[in-house]
Structures are given as C-alpha cells and as structure tokens.
Number of protein chains: 2
Amino acid sequence: MPDSAEKSSRTPISWDPIPRSRAHELVLDAIEEQVTAGRLAVGDLLPPERELASQLQVSRASVREAIRILESQGALQSQVGSGRSAGTRVTALPSEGLTRLLRMHIGLSNFPLDDVAEARIALERASAMLAAQQAEEPQLAEIDQALETMERSSTVEEFNEADTAFHVAIAEAAGNRLVADLTTAIRSSLKQTILEAFHSHGTPSEVQITLQEQHHRIHAAIREQDPQRSAELVEEHIRFAMETLPMGGHGEC
Amino acid sequence: MPDSAEKSSRTPISWDPIPRSRAHELVLDAIEEQVTAGRLAVGDLLPPERELASQLQVSRASVREAIRILESQGALQSQVGSGRSAGTRVTALPSEGLTRLLRMHIGLSNFPLDDVAEARIALERASAMLAAQQAEEPQLAEIDQALETMERSSTVEEFNEADTAFHVAIAEAAGNRLVADLTTAIRSSLKQTILEAFHSHGTPSEVQITLQEQHHRIHAAIREQDPQRSAELVEEHIRFAMETLPMGGHGEC
DNA sequence: GCGTGGCGTGTGGTCTGACCATTGGAGGCT
DNA sequence: AGCCTCCAATGGTCAGACCACACGCCACGC
C-alpha cells in the first residue's frame, strides 16, 4: 500500500531482522509440540533418527543436536542396538539435568552465593516441613543412614558426601518431586564449592562438630514430626554454614 | 594371577560393564573443567569449533553437540561471521534454559502439579519476603505495571500473560538471581497449563476477580514493606489458584 | 528339546568433507 | 574521510561412509 506508506512517513520505519530458525531448534520445537499435545509420554519411542530427519526434512545431524539437548535435560535417552531397547525413548530424569545446568551457572558465578543460600533456605525449609509432616520409615532410615555416615567419616570428603546425602534424603522424604529435584540439584551443584570451603577453612573439626550437632537437631525435629521447628533449624543450619565457610574462592571476593 | 583367581573362586566374580564415554560428553566435561578451574568466564570466547575439535581430537560434530547442550543451558552462545562478534562465547542466561527444562518435564507430567504448587509456594514466599524487605522504585513500578495490565485485560490470554508478569516482577524485585530465575522458570513453564485451566473453568470472571483482589493485597503488603504478610498472602493466593483452576487436562486426572 | 554360536539387520555413534550464509576487516579508490 | 569490494574466518547444514552395539533368527550339536 503506497498510500499508507506515505501517510506514515513522519514516523521512522523500523526494519526488524527476521529471525532464522535453526534446524535443530525446529526439531526441538516439533518434539516439544508432540509432548504438549500429549502424543508423547514417558516410555514412548521416538522414530529412528534417520526417519525423523526424513520426516522433518532436516539432516540427521540436526536431529541429533536436538536429541542431545533433550538428553541433557533428562527427557530422552538413546540406546544403540536393535530390538526393544534400541532407539530414543522418552524418560523422566530431570534431576541430573537440573544439577548440571545449575552447576555450570554457579561455576560461572552467574548466581551470587548469597542468592544460592537464600534459594536453598526457601526450598529446604519446605523440604524439612514436608518431611516432618509426612515422611515414613524407609525415607527416615535414609536420613538416619546419612547422619550415621557423617558420624563415622574421617575425611572432609566423606563428611561432605554424607552431608549432601543428608540434605538429599530430607528432600526425598518431603515426598515432593519438584522440591526434591531442585533441592538435590542445588546442593549437588554446590558439593565441590563446599568441599573447597572446608579445605580453605582453618579449623575444620570445630565447624564439622557444630554442623553435625545442627544435623542431629534437624533430624530430631523431623522424627518428632515438628514441621515448624524442622524448617527453622534447617534455615539456621544453612545460614551458619554459609557464613562460616569461606566460599567463592574465585570470582566472588 | 591364576593363583588368586582360584582362591577367590568361592565368591562369584562380577564382570561389570566398562562405561564408554561418548565423544560429546568428553567435550562437555572439558568445557566444564575449564569453567571450574576459573579459566573460562562470562564473556570469554571459546576456540573455533574446528580448532576445538582438533585440540580435543574429536570430530567437529561432537563439539557441536556439546555446544548445543551448553547453548540450551544458557551458558554459551554462538554467532556466525568474522570479527569480534563471531564464534562461541560464554554467557549468563540461565532463565530460559531452566524454563524449557521444567516445561518439558511438566509437559511430560513428570512433576505432579501439587508438587509444583508446593515448590512455587516455597520460592514465591521467599520472593515476596525479599521484595517487601528490599525492593526499590523501578522494580516496584514493574509490579504496578503488571497489576495495571491485569486490571485492563479483556481476555484470559491477556490476564494470564500479565499474571505471569506480576509474579516475575515480584521475583525480580526480590533481588535474588537464583530465586528469581527459578520462580520465573516455574511460573513461565506453567503459563500454558494455567491458560488451559482458565478455559476449562466454568465462570472465569469470578475467579479472575478473586485472583485480582489477592494480587492487590499482595502488592499492598509489599508496598508496606511487610515481609511476613507478603509471604502469607502469596501462599494463600497460590493455594487458591491451584485448588480452583482445574489443571492437568491430560495425564493427571 | 535345549543350548550355543553365527549371521543379518536395525539403530545410534562418530567422523569427514563439501558447501552455504554471515560478518567483519582490510585495502583501494574517490 | 567515506564508501565499496573482496577475502577470510566462523558457525550452520547436509550427505555419506563406516563403526559399534544389541537383538532376533536360524542352524547345528548334544
């Protein structure tokens, strides 16, 4: 319409770039669309790579790139071979994907450690409350076990490993999949950072003793089914740990 | 040692599979290692794909697969061309990566919606508290804006969009990067689900009115710098929304 | 009949090379 | 100095070849 183009010549015309969709993103979108439409569920098999490439009219490399992304998210899993186990199948394994994503960004100092602590507090308060409200024996036994392992640990490596397991066990005992996975992902992504902080610290044994006392109190509150107390103790514990252990060896001073 | 093999013949020997590392995972590990060691930071340029492939002695396709994964996580960004803008650069854009990961798993019903609600409550309580404690005017104006947009919305699509923006604005006002990104990711990944619930609901206007009243009260509590009240109101609001709107059209009856 | 081994096929994993599109940067000309 | 052209570097995509894996089927021996 040359007429309207002339009428609007007083306001500058903005020529926006037309985004080009990358082939692998088109594949990603296509798979996501199938999921959203309910046509793909956990356990389902995707078409073979070569077939999917043919159907979507892209190269097999582009299909593979999309599949890699979804594998890293824990939504797909590929298996070579023939027969029932072969191919690319929809899975439900978000935890490691979350962990790796968060660990990368924490490693890049993209989340200030104070921010991470607050997020932990929010999530782990919820975990502890829910665990105190509704955990049953096999899950409580896992918490016991982690506490026991910390008791017997002789190196900070062992302590740290069991410390992580303790927090993960509480998160699992919360009976809330998303809270558990987020809690696990954050705590796991911090494992190395916390270990380094232990090594930097002058008197690790004192700190470990205090941390372990706090663990015992948290454990007792959960055992006594006191949600409020559990939540408060977890918060206190995380704040103490974050204030006491010098974290952020690089990029955070 | 045939001698010791004979001695231990009483206990069955377990032949464990030797895991083969996939080429793209080796590349991923190599990049993560550089980050952990502090040798890669936001803004840094990676070697060109062909060079990285040569250095790591893998194919360029494997390098690309690893880069795709890290791109989807918001840790890398690639740009064609020559000169300063070209190549693959380290970025700090976790939010969309989190959103897509969570949206995929929510789409696959891998997280029960009750679980998602509890996680939202944990995070959004924290967001609201922090916002009430420390938000300043430009951020508060964003919250105002979203509330205003909801007030003027004439379709549930518009309402939903502004509703999401309201929650995101509070999360941003919390001043906590990780809490904000997690909150945003979860709320964003639910946008479609909530919209469908609005459509399924018999009398949308009533519900919208109640939701909007709740939004106003949350907004007021934040403005009055009352963290406890803000947190309680957010929790009440999310519980009301989750109980009132019929979610889980597929796979969650 | 049962167990074992060999073969064939389908699938993902990896590599190579060719080509394309994009995006400066350098050099030459006015 | 400004503009234009050319070139090179970089990521994007594709195709094809080959490899490794993992069954399933069939034949053979006991």
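This is a predicted model: local features need pLDDT of at least 70, side-chain atom pairs count only at pLDDT 80 or more; totals for chains, interfaces and linings use all residues.
**Note on the protein–DNA model: DNA surfaces and helix packing**

1. Around DNA strand D there are 26 residues, and the closest are A:Arg22, A:Ala23, A:Ser59, B:Arg60 and B:Arg68. A residue is near a molecule or strand if one of its heavy atoms lies within 4 Å of it.

2. Residues are numbered from 1 along each chain as its sequence is written, chains are lettered from A and ligands numbered from 1 in the order in which they are written, and side-chain values use heavy atoms, with hydrogens and water left out.

3. A side-chain N or O atom of B:Arg60 is 2.6 Å from a base nitrogen of DNA strand D, and one of A:Ser82 is 3.0 Å from a base oxygen of DNA strand D. B:Arg64 places a polar side-chain atom 3.2 Å from a phosphate oxygen of DNA strand D.

4. Which elements each supply at least two residues of the surface near DNA strand D? They are H4 of chain A together with helix H3 (49-56), H4, strand S1 (76-79) and strand S2 (87-90) of chain B. Helices (H or I, at least four residues) and strands (E, at least two) are DSSP runs, numbered from the N terminus. H4(B) gives the most, with 3 residues. By class, the surface near DNA strand D has 5 nonpolar, 12 polar and 9 charged residues. Here Ala, Val, Leu, Ile, Met, Phe, Trp, Tyr, Cys and Pro count as nonpolar, Asp, Glu, Lys and Arg as charged, and the others, Gly among them, as polar.

5. DNA strand C has 27 residues around it, of which A:Arg60, A:Arg68, A:Gly81, B:Arg22 and B:Ala23 come nearest. The bases are approached by polar side-chain atoms of B:Ser82, 2.6 Å from a base oxygen of DNA strand C, and of A:Arg50, 3.1 Å from a base nitrogen of DNA strand C. A polar side-chain atom of B:Ser62 is 2.8 Å from a phosphate oxygen of DNA strand C.

6. Two or more residues of the surface near DNA strand C come from each of helix H3 (49-56), helix H4 (60-72), strand S1 (76-79) and strand S2 (87-90) of chain A together with helix H4 (60-72) of chain B. The largest share, 3 residues, is that of H4(A). The class counts for the surface near DNA strand C are 5 nonpolar, 12 polar and 10 charged.

7. B:Ser78 lies in strand S1 of chain B. Leaving aside residues up to four places away in sequence, B:Ser78 is in contact (heavy atoms within 4.5 Å) with B:Ile67, B:Arg68, B:Glu71, B:Gly87 and B:Thr88. The side chains of B:Ser78 and B:Thr88 are joined by a polar contact of 3.1 Å. A polar contact is a pair of N or O atoms within 3.5 Å; within protein, one must be able to donate a hydrogen and the other to accept it, and residues adjacent in sequence count only if both atoms are side-chain atoms. B:Ser78 and B:Ile67 are 11 residues apart along the chain, with C-alpha atoms separated by 8.5 Å.

8. Helix H9 (residues 177-189) of chain A packs with helix H9 (residues 177-189) of chain B at an angle of about 145°, the axes being 14 Å apart. Axes are lines fitted to C-alpha atoms, for helices over the stretch in contact, and angles run from 0 to 180 degrees between N-to-C directions. A:Leu178, A:Leu182 and A:Ile186 of H9(A) meet B:Leu178, B:Leu182 and B:Ile186 of H9(B). The contact has 6 nonpolar, no polar and no charged residues.

9. In chain B, the axes of helix H7 (residues 137-152) and H8(B) come within 8 Å and cross at roughly 165°. H7(B) and H8(B) are therefore roughly antiparallel to each other, a term for angles over 145 degrees. Their contact divides into 11 nonpolar, 2 polar and 5 charged residues.

Conventions:
Angles under 35 degrees count as roughly parallel, over 145 as roughly antiparallel, 65 to 115 as roughly perpendicular and the rest as oblique.
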